[in-house]
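Hello,

Here is the structure we talked about. Please open it alongside this note; my findings on the contact between the chains follow.

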There are 2 protein chains.
Amino acid sequence: MFEVIGERINTSRKLVQSAVANRDAGYIIDDVKRQQEAGANYIDVNAGARIGHEEEDMRWLLENIQPNAAVPLVLDSPDPTILEMAFQMMEKTPMINSISLEKERFDAMMPFLKGKECRVIALCMDDTGMPVSSDDIVGRADKLVKELNAIGIPTGSIYIDPLVQPISIDSSKGTMVLDAVRAIKKKFPGVHITGGLSNISYGLPQRQIINRIFVTMMMDAGMDSAIIDPLDRKIMATIRTADMLLGHDQFCMNFLKGVRSGAIAS
Amino acid sequence: MFEVIGERINTSRKLVQSAVANRDAGYIIDDVKRQQEAGANYIDVNAGARIGHEEEDMRWLLENIQPNAAVPLVLDSPDPTILEMAFQMMEKTPMINSISLEKERFDAMMPFLKGKECRVIALCMDDTGMPVSSDDIVGRADKLVKELNAIGIPTGSIYIDPLVQPISIDSSKGTMVLDAVRAIKKKFPGVHITGGLSNISYGLPQRQIINRIFVTMMMDAGMDSAIIDPLDRKIMATIRTADMLLGHDQFCMNFLKGVRSGAIAS
């Protein structure tokens, strides 16, 4: 089954930022509950947007979200000090968002991750920038898996983000990432593939249609998780339907449940 | 680029049947023009539903459609006598729909196809019925390609229909056909993959959503043609968007044209 990482609790979102600034716990708790009801398997928590307030904002968010979250949280920060504080507060095994091959981030995250029981999102980004080919993505994923394995993170706890790039800049950007996902899943069958999807449609109109069709292709290639807005009914309906078509829904039970609840509709 | 075979001119459709019975050429010509404007690359013509009238109905349809069709026609009949008559009327190289491995159809179609310049749809059906596994589909496709090659039909003129089966009867029916399409395209890179898609959603609600998501997966696997209703705007928008995401639309020109014309919209 595909796993949905709900992306909404992020202080770069205007309403979340003002709820955090005003310590409006009701707003945050309500949003978390709506994400869960819509099918989120994880709730991402990012408090990075109010410069100078990240540590206190993250703590306040976690204090309010954790008692109200039935699912595990994703601790989303580049700062290992804040992640360490957040990690100590966790009751369920969290996911860490994220490590990459950029030297500064890599060197900061590795000591934090070492010996911890957690899932981790690993971005195929390095100091040269975004990957430039399928082989490049696969090479970066290979390096990330091996480095993380070496500090005790098992392959099944690693969520590779191959970094989706806009099709508008180059018509091969779709197949580049699809081919890479297939190759990574072949090399490391237990690894997870995740990421945001909306970059694919950057610069184009009708972005939601493009995003929905692309998530279908990515799922077919082996993506088993994504960082999305679970309140986007159409993308959730696409994911549920694609999961059924890929054989992950015995007797079409989840699909039929989605239709009955009105979540899957034209 | 994906090729759309417009399925509407079929006497099993009520309005087409009465237009044919009443020799209402205007209705037929208008329908053909609408299919073309919507993007059909072929127009399928099937006159099989009025028992005892197939030959005269087919002749009348072709007499009226051919002068008004900018695209090639698909001659859709199990009867080689009717196909021979129809073939002689053609100005553009037609497609023949269809041969299969069912002994009666195979033995009737092979002498008709031998030495002809035409495209042909080849169904993975034999006297035991529908295929039961990916390997079974691939084995049947292999047999069809080799038999057709042997009578002079090149691989690039063969359109294999792997026969999509309902996901409601078995949750593996989606991956079974997707895996088969990948294997067939690997074995015969020049062969085309076509077929109807709507069987995938047989017995389920919200069939159009399922069909749209499944055509996306099939295109990603290598399907490059389908027998559909080109006036179904949502499936056409899906196909155009998927074609772009698969790298078949330089600078997103067709996609953007579709958005500007209103053909691609939420």
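Start with a salt bridge: A:Asp220 pairs with B:Arg182, and their closest N and O atoms are 3.3 Å apart. Keep in mind that this is a predicted model. Chain A and chain B share 2 salt bridges in total. Residue pairs in polar contact between the two chains, both at pLDDT 80 or more, also number 2.

Now the overall extent. Three residues lead on chain A: A:Ser171, A:Met217 and A:Leu245 supply 21% of the area it buries against chain B, more than any other three.

One helix pair deserves a look. α9 of chain A (residues 233–245) packs on α8 of chain B (residues 207–221) at about 65 degrees, with the axes 10 Å apart. The crossing is right-handed. From α9(A), the contact uses A:Thr238, A:Thr241, A:Ala242, A:Met244 and A:Leu245. From α8(B), it uses B:Ile209, B:Ile210, B:Ile213, B:Phe214 and B:Met217. Of these residues, 8 are nonpolar, 2 are polar and none is charged.

Best wishes

Methods
Residues are numbered from 1 along each chain as its sequence is written. Chains are lettered from A and ligands numbered from 1 in the order in which they are written. This is a predicted model: local features need pLDDT of at least 70, side-chain atom pairs count only at pLDDT 80 or more; totals for chains, interfaces and linings use all residues. Side-chain values use heavy atoms; hydrogens and water are left out. Axes are lines fitted to C-alpha atoms, for helices over the stretch in contact, and angles run from 0 to 180 degrees between N-to-C directions. Helices (H or I, at least four residues) and strands (E, at least two) are DSSP runs, numbered from the N terminus. A crossing is left-handed if the near helix is turned anticlockwise from the far one by less than a right angle, and right-handed if clockwise. Contact means heavy atoms within 4.5 Å. Ala, Val, Leu, Ile, Met, Phe, Trp, Tyr, Cys and Pro count as nonpolar, Asp, Glu, Lys and Arg as charged, and the others, Gly among them, as polar. Buried area is the accessible area (1.4 Å probe) that two parts lose on being put together, summed over both. A salt bridge is a side-chain nitrogen of Lys or Arg within 4 Å of a carboxyl oxygen of Asp or Glu. A polar contact is a pair of N or O atoms within 3.5 Å; within protein, one must be able to donate a hydrogen and the other to accept it, and residues adjacent in sequence count only if both atoms are side-chain atoms.
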